[in-house]
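Subject: Structure handover

Hello,

Here is the structure you asked to take over. My notes on its contents follow below it.

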Amino acid sequence: MGIEIERKFLVTGDGWRAAAHAVVPMAQGYINDAAALDSGAQKASVRVRIQGDAAYLNLKSREPGHTRQEFDYPIPVDDARALLALCVGGLVDKRRHLVRHGNHLWEVDEFLGENAGLVVAEIELDHAEEAFARPAWLGEEVTDDVRYYNLALAAHPYGRWPR
């Protein structure tokens with residue numbers, strides 16, 4: 001069983017761009033929706049993701065906080081394309097920029113399409129209390145704000161949020 005310990009932050013400015021050493025295009029969708037999780041009818045999100053030339057089926061438990069169970073399985077890209085057509089809500093398109101800062105690898109997600117304008121940075125940690133260096137471009141922490149979960153962005157894209 002995989003455990004994910006992840007923290008998520010808004011990004012301010014473009015200072016991270018020069019430090020990015022790789023960019024991976026991603027398209028993902030969800031077999032179930034946020035309402036099923038919010039109601040308690042289901043306890044995990046089921047995501048399909050095409051990531052560059054690879055594809056994955058991912059299940060992630062829905063628990064408050066920054067620690068969740070996560071299961072990630074490679075699947076054929078053609079299967080992923082077929083599964084994306086079965087997803088509820090919209091698809092989430094983004095470019096993931098990999099940025100090393102201090103002793104950690106940051107994943108800076110630059111959203112496209114209906115979520116354009118949103119840029120978030122995620123860091124995966126070995127334990128919940130692990131210290132990490134904060135890059136200058138790191139903004140407000142949104143780890144516990146469900147609006148920024150990709151599952152929520154599929155149903156309620158950032159571009160439709162009231163300003």
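Glu122 has a relative accessibility of 4% and therefore counts as buried (under 20% relative accessible area; exposed is over 50% and partly exposed in between, with a 1.4 Å probe and protein chains only). Lys8 also counts as buried, at 7%. The two residues form a salt bridge in which the closest N and O atoms are 3.2 Å apart; a salt bridge here is a side-chain nitrogen of Lys or Arg within 4 Å of a carboxyl oxygen of Asp or Glu. Glu122 sits in strand E8 (residues 119-124) and Lys8 in strand E1 (residues 2-11), 114 residues apart. Helices (H or I, at least four residues) and strands (E, at least two) are DSSP runs numbered from the N terminus.

This is a predicted model, in which local features need pLDDT of at least 70 and side-chain atom pairs count only at pLDDT 80 or more, while totals for chains, interfaces and linings use all residues. Residues are numbered from 1 along each chain as its sequence is written, and side-chain values use heavy atoms, with hydrogens and water left out.

Other salt bridges

The count comes to 13 salt bridges. Lys8 and Glu122 also belong to a salt-bridge network with Lys94, Arg96, Glu107 and Asp109. Glu110 pairs with Arg95, with 3.2 Å between the closest N and O atoms. Glu110 is in strand E7 (residues 104-111) and Arg95 in strand E6 (residues 88-101), 15 residues apart. Glu110 is buried at 11%, whereas Arg95 is partly exposed at 33%.

A further bridge joins Arg160 to Glu114, at 2.7 Å between the closest N and O atoms. Arg160 lies in the segment after H3 and Glu114 in the loop between E7 and E8, so the pair ties together parts that are 46 residues apart in sequence. Arg160 is exposed, at 56%, and Glu114 is partly exposed, at 45%.

Arg68

What does a buried arginine without a salt bridge have around it? Arg68, in strand E5 (residues 67-75), is such a case: the nearest side chain of opposite charge, Glu4, is 5.0 Å away. (Lys and Arg count as positive and Asp and Glu as negative; His and the chain ends are not counted.) Its contacts (heavy atoms within 4.5 Å), leaving aside neighbours within four places in sequence, include Gly2, Ile3, Lys60 and Tyr149.

Strand pairing

Strands E3 (residues 44-51) and E4 (residues 54-61) run antiparallel and are joined by 8 bridges; strands pair if DSSP finds at least two bridges between them. Ala44 has Ser61 in E4 as its bridge partner. The two strands form a hairpin with 2 residues between them, and Gly52 in the turn has a positive phi of about 65°. E4 also pairs with E5, again antiparallel, over 6 bridges. Tyr56 stands opposite Pro74 in E5.

Nonpolar cores

The largest nonpolar core has 15 residues, and Leu10, Phe111, Leu118, Val120, Tyr148 and Leu153 have the most contacts inside it. Such a core is a set of buried Ala, Val, Leu, Ile, Met, Phe, Trp, Tyr and Cys residues joined through side-chain atoms within 4.5 Å. Helix H1 (34-38) and helix H3 (150-155) each give two or more residues to this core, and H3 gives the most, with 3. A second, separate core of 14 residues includes Val99, Val108, Phe132 and Leu138.

Regards
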